[in-house]
Amino acid sequence: MSGGELMFASAIFNAAATYGDIQTAKAEQKAYEYQLSLDEKRTVLEGDIEKNLITEAGQKQKDENLVYAVSQGYLDTSRHFLAVNEDQDRITALDKRIVSLNTTYAVGVLQNKRYVSNLKTKNQVFGGWLSIAANVTEGYGKYKHYKTPKDTRKYTGYGKSGYGRDTEYNYYDTNKYG
């Protein structure tokens, strides 16, 4: 094999390695996306569980308030009992809203990570394709450069192409060229 062919083969091998890197980056992105989707689902589920626990704790507190009110002789329709229950409903709703805000924030952070990772992978893939094109083009250029025979003619400025008349040829010297 000539030097040009070896250089072209080297460029093809480099391009193949870069293609492998592109496929690896895509696979890593898919795995990371899957993990982020699991984390997002887990975060939403944990938020729902926390809200349910808050609702249950609020209902338990309201039941305890009812027991206390009845033991003190209040009716379950009295203003005091209704005010206490309304206050408990407000506290429960506030706690659930805080959990909902925290869950929404955590999901937003995960979605931002997904966006940044996706953008990074797209840039890696694009850069990989540019690298492949550059390697193959460079390799082909070197192959063509070393494959083509060197032109030994000198530029004389005569004729259409400029290579018309041999300046070293002495038309009057018959001994030199017979």
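Modeller: Let us begin with Glu138, which counts as partly exposed at 45% relative accessibility.

Colleague: Why is Glu138 called partly exposed?

Modeller: Buried means under 20% relative accessible area and exposed means over 50%, with partly exposed in between (1.4 Å probe, protein chains only). Glu138 has 45%, so partly exposed is the label. Lys142, at 35%, is likewise partly exposed.

Colleague: What makes Lys142 and Glu138 a salt bridge?

Modeller: A salt bridge requires a side-chain nitrogen of Lys or Arg within 4 Å of a carboxyl oxygen of Asp or Glu. For Lys142 and Glu138 the N to O distance is 3.2 Å, so the pair qualifies. These two residues are four apart in helix H2, and therefore about one helical turn separates them. Helices (H or I, at least four residues) are DSSP runs, numbered from the N terminus.

Colleague: Which salt bridge links distant parts of the chain?

Modeller: Glu33 and Arg114 form a salt bridge, with their closest N and O atoms 3.5 Å apart. Glu33 lies in helix H1 and Arg114 in helix H2, 81 residues apart. The search of the whole structure finds eight salt bridges, and those that share partners join Glu33, Glu40 and Arg114 into one network.

Colleague: Why is the pair of Tyr140 and Tyr143 called tilted?

Modeller: Rings of Phe, Tyr and Trp (its six-membered ring) pair if their centres lie within 6.5 Å; planes under 30 degrees apart count as stacked, over 60 as edge-to-face and the rest as tilted. The centres of Tyr140 and Tyr143 are 6.2 Å apart and their planes stand at 40°, so the pair is tilted.

Colleague: What is the angle between the planes of Phe8 and Tyr143?

Modeller: The angle is 35°, with 5.7 Å centre to centre, and this pair is tilted. Phe8 is in helix H1 (residues 3-71) and Tyr143 in helix H2 (residues 79-147), 135 residues apart. Ring pairs link Phe8, Tyr140 and Tyr143 into a cluster.

Colleague: How confident is the predictor in the protein chain?

Modeller: This is a predicted model, in which local features need pLDDT of at least 70 and side-chain atom pairs count only at pLDDT 80 or more, while totals for chains, interfaces and linings use all residues. Residues are numbered from 1 along each chain as its sequence is written, and side-chain values use heavy atoms, leaving out hydrogens and water. The chain averages a pLDDT (the predictor's confidence in each residue, from 0 to 100) of 84. Confidence is lowest in helix H3 (residues 174-177), at a mean of 53, and highest in H1, at 91.
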